[in-house]
Amino acid sequence: MNEWREQFRIDPVPPLLQSGDEALIYYVRRDLLGEEPGPVAQLWGLPGAQKILKKQLLDGSWPRSGEQRHPAINYGLIETWRWFRFLVEQYGFTSEHEGARRAAEFLFACQTEEGDFRGILANQYATYYTGAILALLIQAGYADDLRVERCFQWLLRMRQSDGGWSIPMITHKLDRETQYRLSSEMAEPLQPDRSKPFSHNATGMILRAFATHPEYRHCEAARTAAGLLKSRFFQPDAYTSYQDAGYWLRFEYPFWWNNLVAVLDSLSRIGLPKSDEQIRKALDWLVAHQQANGLWKVSYAVTDQVEKDTQKVRTMKSWISLAICRVFRRLYTQARKDGG
């Protein structure tokens, strides 16, 4: 049962249990130790969750602080995505909670007839955010909702010819000024140039939705995209947006941008085995970069070598480490089921 823990030089479970974070300890006991700590709803009343809920507006969204410079951008959608991540990923909120239902309905209200979630790039297609938002809604209990199905069908139609995804606007040769204008004004959405290669950053965010869904994680499109993603580990993206290879090594939890831990979480859910050469390379990298305290840093990018010792950073390190442990446990548990 503990084979996955034996892969590390230092057992990461004890420091996670000593974190003092009630929500994190709940998941350590449930997801890593296989215990039954009770219903996840017990986390909904924790101070951190209540602090987030106090800022929620009546329409289910969260307000944006500061200037809202572009009227065509739906800042409420951005902020709702931002805070819904914490409620779902850290506190386990589902549609059984009124606040989560109102947040989900606000997100669905931003869904177009085509099926995507529109407004973060004004009227341009935001494939990457659409996938990431969809993943949260599935986790919150909306897997069987017809609006979720409509979104999946849109994502499948938006693939590049190679089977991955990009952000449609960046597949065209546009100068920065034009990109900025199109993503902040109500211009007609650009269709992707499907002959251009996939973006691993966009594909990684989109694949979360497929990996989270109990049926779509097994579809051919998910397996194809998974194969493309793992072929790009530690390499620069095909496009200038978040192109530096260092972005693979900038971690965060709840997940936002594409990175190595977020992708491994998806690939392990989809069912790729630990014996896969590229998966093994990624796992070996994580083992080699575990810190002496048993946890992992927030960033290993060359430009981010100095890590501040703040409470926020310490908390983030614990949640990132939990995500890494979930990947290892999932992969080694799957190996036993498969007879490996």
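The model is predicted, so local features need pLDDT of at least 70 and side-chain atom pairs count only at pLDDT 80 or more, while totals for chains, interfaces and linings use all residues. Residues are numbered from 1 along each chain as its sequence is written, and side-chain values use heavy atoms, with hydrogens and water left out. Helices (H or I, at least four residues) and strands (E, at least two) are DSSP runs, numbered from the N terminus.

Start with the helices. Two packed helices are described by the angle between their axes and the distance between the axes. Axes here are lines fitted to C-alpha atoms, for helices over the stretch in contact, and angles run from 0 to 180 degrees between N-to-C directions. Angles under 35 degrees count as roughly parallel, over 145 as roughly antiparallel, 65 to 115 as roughly perpendicular and the rest as oblique.

Take helix α6 (residues 127-142) and α7. Their axes come within 11 Å and cross at roughly 150°. The two helices are therefore roughly antiparallel. The crossing is left-handed (the near helix is turned anticlockwise from the far one by less than a right angle; clockwise would be right-handed). Contact means heavy atoms within 4.5 Å. On the α6 side, Thr127, Thr130, Gly131, Leu134, Ile138 and Tyr142 take part. They meet Arg147, Val148, Cys151, Phe152, Trp154 and Leu155 of α7. By class, this contact has 8 nonpolar, 3 polar and 1 charged residues. Ala, Val, Leu, Ile, Met, Phe, Trp, Tyr, Cys and Pro count as nonpolar, Asp, Glu, Lys and Arg as charged, and the others, Gly among them, as polar.

Helix α7 (residues 146-157) also packs with helix α9 (residues 200-212): the axes come within 12 Å and cross at roughly 135°. That angle makes α7 oblique to α9. This crossing is left-handed. Phe152, Leu155 and Leu156 of α7 touch Ile206, Ala209 and Phe210 of α9. The contact has 6 nonpolar residues, with no polar and no charged ones.

Now look at Arg85, in helix α4 (residues 75-89). Arg85 is buried, at 5% relative accessible area. Buried means under 20%, exposed over 50%, partly exposed in between (1.4 Å probe, protein chains only). Beyond neighbours within four places in sequence, Arg85 contacts Gln90, Leu136, Pro254, Phe255 and Trp256. A polar atom of the Arg85 side chain lies 2.9 Å from the backbone oxygen of Pro254.

Most residues other than glycine have a negative phi, and most peptide bonds are trans. Yet a cis peptide bond joins Tyr253 and Pro254, with omega about 0°. Tyr242 is in the loop between α10 and α11. Its phi is near 50°, a positive value in a residue other than glycine. Tyr242 counts as partly exposed at 33% relative accessibility.

Asn259 sits in the loop between α10 (220-230) and α11 (260-270). At 0% relative accessibility, Asn259 is buried. The Asn259 side chain reaches the backbone nitrogen of Val261 at 3.0 Å. A polar atom of that side chain is 2.9 Å from the backbone nitrogen of Ala262.

Ala122 has a positive phi near 60°. At 2% relative accessibility, Ala122 counts as buried.

Technical notes: A polar contact is a pair of N or O atoms within 3.5 Å; within protein, one must be able to donate a hydrogen and the other to accept it, and residues adjacent in sequence count only if both atoms are side-chain atoms.
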